[in-house]
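Thanks for coming, everyone. I have one chain to take you through today. Please look at the sequence and the model first.

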Amino acid sequence: MKSRLSSTPRRRVTSVLTVMAAVVAFGSWALWPVYDSSCVVYSGAYIPMNAPKAETDAAVQRAYDKALADGACGPKRARFHNWTQ
């Protein structure tokens, strides 16, 4: 008896594309660099509530760069860096 997922070509293609999309989504999530968990950066800058996202992101990035230069934070790392150690 054949599986219902592979009973027609359209279902097979849909199943393969769904699995491929899930693998790509998980892979990009797993490989996206993250900040060290011991580093919490507050910008200390006044940013209005209705400021554009680009302005807010720029203020946070400047604060992180300053903390990185001061040695308070480590650089971004791979999400699962402990697996190889």
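One cut-off before we start: exposed means over 50% relative accessible area, buried means under 20%, and partly exposed is in between. Keep that in mind, and remember that this is a predicted model.

So, the overall picture. The chain has 85 residues, and 11% of them count as buried. The secondary structure comes to 2 helices and 0 strands. The accessible surface is about 7,300 Å², and carbon and sulfur atoms account for 65% of that. Now contacts between residues at least 6 apart in sequence: 50% of these join residues at least 24 apart.

Start with helix α1, residues 9-31. M20 lies in this helix. M20 has a relative accessible area of 48%, so the residue is partly exposed. M20 also belongs to a nonpolar surface patch, together with V13, V16 and L17. That patch covers about 380 Å².

On to α2, residues 53-70.

Which residues of α2 are buried? They are A59, A63, Y64 and A67. Looking down the axis of α2, these buried residues fall within an arc of 130°, so they line one face of the helix. The face turned away from that buried side carries the exposed residues A54, R62 and A69. After α2 comes G71, with a positive phi near 85°.

Next, charges. Side chains of opposite charge can pair when their charged atoms come close. How many salt bridges does the structure hold? The count is 2.

Take K53 and D57. They form a salt bridge, with the closest N and O atoms 2.8 Å apart. Both sit in α2, 4 residues apart, so about one helical turn separates them. K53 counts as exposed, at 60% relative accessibility. D57 is partly exposed, at 38%.

Then K66 and D70. Here the closest N and O atoms of the salt bridge are 3.1 Å apart. This pair is also 4 residues apart in α2, again about one helical turn. D70 has a relative accessible area of 55%, so D70 is exposed. K66 comes in at 54% relative accessibility, over the 50% cut-off, and therefore counts as exposed.

That's the tour. Over to you for questions.

Technical notes:
Residues numbered from 1 in each chain as written. Predicted model: local features only at pLDDT ≥ 70, side-chain atom pairs only at ≥ 80, totals over all residues. Heavy atoms only, no water. Expected span 1.5 Å × (residues − 1). Buried < 20%, exposed > 50% of the residue type's maximum accessible area, 1.4 Å probe, protein only. Arc of directions from axis to C-beta. Contact = heavy atoms within 4.5 Å. Areas by Shrake-Rupley, 256 points an atom, 1.4 Å probe, with all protein chains shown as cover. Patch = residues over 30% accessible without salt bridge, like charges linked within 9 Å, V, L, I, M, F, W, Y side chains within 5 Å. Salt bridge = Lys/Arg side-chain N within 4 Å of Asp/Glu carboxyl O.
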